[in-house]
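Hi,

Here is the structure I promised to send over.

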Amino acid sequence: MFIDFFYTLKNVGIPVSPTSFLTLHRALRTGLVNSLNDFYTASRSILVKSERYFDLYDQAFAHHFEGTELPDVSGVELDDIARVMLDQWLKEPRALAEALGIDESELNRLTPEELIEYFKERLKEQTGEHHGGSRWIGTGGTSPVGHSGYHPGGMRVGGVSRNKSAVKVALDRRYRDYSLSGPLTRPMVGEALKRLRNLVPVGPKDRVNIDETLYQTMKNGGEIEIVFERSLKDRLKVILAIDNGGYSMDPYISVVQTVFDYARSQFKDLKTYFFHNTIYSTLWGDSARFRKPKPIAEFAAADSQTRLFIVGDASMAPYELMVADGSIHIEERSGTPSIECLKFLADTFSHAVWLNPMPEDMWNYTQTVKTIGRIFPMFELSIDGLEKAVHFLMAK
Amino acid sequence: MSGKRESAHFTGATRYVLDDELASIINISMALEMPLLLKGEPGTGKTMLAHAIAESLKMPLVVLNVKSSMKLVDALYQYDTLTRLNDSRFGDSSRNVSNIEDYIRMGKIGQAFTADRRTVLLIDEIDKADTDFQDDMLDVLDQMEFDIIEIDKTIKARTRPVIIITSNAKKDLSDPFLGRCNFHHIAFPEPKMMRNIIAVHFPNLDAELMENSVTAFYRLREMEGIEKKPATRELLNWVRALTADPDFKPKKLATGDIPYLGVLFKKSQDLQRTNELLRRRRLF
């Protein structure tokens, strides 16, 4: 029974195990599953073990029992595209009017809802022969578009499902906000960073080691000998360098920064620096990259055990990376090509990673990403990527 | 499946508002005798649920609050070596020093296993402990038994407790662990549900106050840049504070005059930011 359903789930990418499938059958035998509603909840709680897959489950369920379309990228992305388009509209009404081919004054009369509807209509007409129908969004530079499932309003999830059929509920896709492609939130990053622990004993010997005390006492023939030890504390130093120039990085800066601040208590020392596009001879301690320069040569004296995180999209014109004096900022004229500076940092800190907010499958399209990826191990700025980065940093 | 167990159905408790979906998941988990893993934002009532189940099924509740330094054996039993050492040196207790069993004390899981009746065992915030803890616990929960190494004795569960495990983590627990649990994610209640929850706690609440406080609460939650969003617990405390204040008028809330923000926001930065936004009338 339901073997097809099981394989539908497996095919859409939910990690389901045969054991749990058998458990589901055990559940069916208990007599508690009497309707499609019951089956929906029962099989979800038994087969799906993370809320991140709830959304996929809903879609697969609706597909299997109602025959709706399985996840289809264009349909899913439409809302997000529409949202980005709205932002764009607020910023540059004229450009949008041109792109949609209507008059600007006419455009201004539309309510946001009407605008989205109009846009969707256009998009539907255009699919097929006009593949780049939404290309202007990309060229407009609003890169959050790839960042699917971005909901400015935060989590928006339904709670009660009393009067709806399971398929309706499934079609609601209440768990969209939790799916893997969702935005990186602070708790998620905090969770990943928590693994960055490097506990070593420090401080006075003021903790009683009871096991050792007992052992030593027994060895002494019952004469009590109390063994003290030092408590454990994290001695890890972390340097965080963030690319805060260019608005492609904007959505990530605050998240990254607050998260590292949040994790600060775990590290002995956390310093944050800023750069634009790539690092030349100087990093900046202030976000305006003006008042507090920090020559990277000074890092040579730093503790080589320090973990270096560089966060940036690593996308720029190749000359910015390769040419001496390649910086687009006139005041940054060091005579050393940026790539040498990066190599210097990589040599200085053996524990360094580059976190890239761009999706990994896009990296190959940008030359500088590949080049930098050869210097620093590069990871995606996502939950999985962070996890891998932390794992990598702790491995050595 | 004994008849007794089938009759034990969970339908809700006096102070807990349950949605149907969750109720059926709990009943299935109980029927399958599998632990139920609950995840969700803080303040969605994960811990309260276990209390509610225990209350409605009239079973004793055993709570294991997981701590970061915890080893599994602490949750199972403790061999109180210090007392034994003390007794052996001074010998002024009624315990038999040569009988180690006198010095074994049951931990929370041990208590649930050895209890006379079926209990509800709540393992709270399992993500706090390291992964070893979870992995070690697998066998214990699977086999429903554990060994006391010191006296070479196996403790078998007399009755399988109803096990509720909660986790705050946004990260998943280990796969083998998940494989042995049923899973549910409690979403943050919608305004409608929230009104029911408030009504359960404050049966005589003024309708206007209810409406305005819930609206204000969800607006405050939607603010950007808040580190710790207020949750159900905070809302209930806040409503309590509002009702306790004789000078308070519910109308004030709608105009953006929100007292007792400190009850809702527990971090000084969040509080500051809220005050700032409210002053600028950005929110209302």
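This is a predicted model: local features need pLDDT of at least 70, side-chain atom pairs count only at pLDDT 80 or more; totals for chains, interfaces and linings use all residues.

B:Met144 is buried, at a relative accessible area of 6% (buried means under 20% relative accessible area, exposed over 50%, partly exposed in between, with a 1.4 Å probe and protein chains only). Its place is the loop between α7 and β6 (145-148) of chain B. Most residues other than glycine have a negative phi.

Residues are numbered from 1 along each chain as its sequence is written, chains are lettered from A and ligands numbered from 1 in the order in which they are written, and side-chain values use heavy atoms, leaving out hydrogens and water.

B:Glu125 is another one to look at, with a positive phi of about 55° although it is not a glycine. You'll find B:Glu125 in the loop between β5 (120-124) and α7 of chain B. B:Glu125 counts as partly exposed, at 24% relative accessibility.

Now for α7 itself, which covers residues 131-143 of chain B and includes B:Asp139. B:Asp139 is partly exposed, with a relative accessible area of 48%. Together with B:Asp130, B:Asp132, B:Asp135 and B:Asp136, B:Asp139 forms a negative surface patch. (Patch residues have over 30% relative accessible area and no salt bridge; like charges are joined within 9 Å, and nonpolar side chains, meaning Val, Leu, Ile, Met, Phe, Trp and Tyr, within 5 Å. A salt bridge is a side-chain nitrogen of Lys or Arg within 4 Å of a carboxyl oxygen of Asp or Glu.)

Then there's B:Leu76, in helix α4 (residues 72-76) of chain B and buried at 6% relative accessible area. Leaving aside residues up to four places away in sequence, B:Leu76 touches B:Met106, B:Gly107, B:Ile109, B:Gly110, B:Val140 and B:Phe146 (contact means heavy atoms within 4.5 Å). B:Leu76 and B:Asp147 are 71 residues apart in sequence, yet 9.1 Å apart in space, C-alpha to C-alpha.

As for chain B overall, it has 14 helices and nine strands (DSSP runs: H or I of at least four residues for helices, E of at least two for strands, numbered from the N terminus). Of its 284 residues, 50% are buried. Among contacts between residues at least 6 apart in sequence, 74% join residues at least 24 apart.

Cheers

Note on methods. Accessible areas come from the Shrake-Rupley method with a 1.4 Å probe; for residues, only the protein chains shown count as cover. Lys and Arg count as positive and Asp and Glu as negative; His and the chain ends are not counted. The place of a charge is taken as NZ of Lys, CZ of Arg, CG of Asp or CD of Glu.
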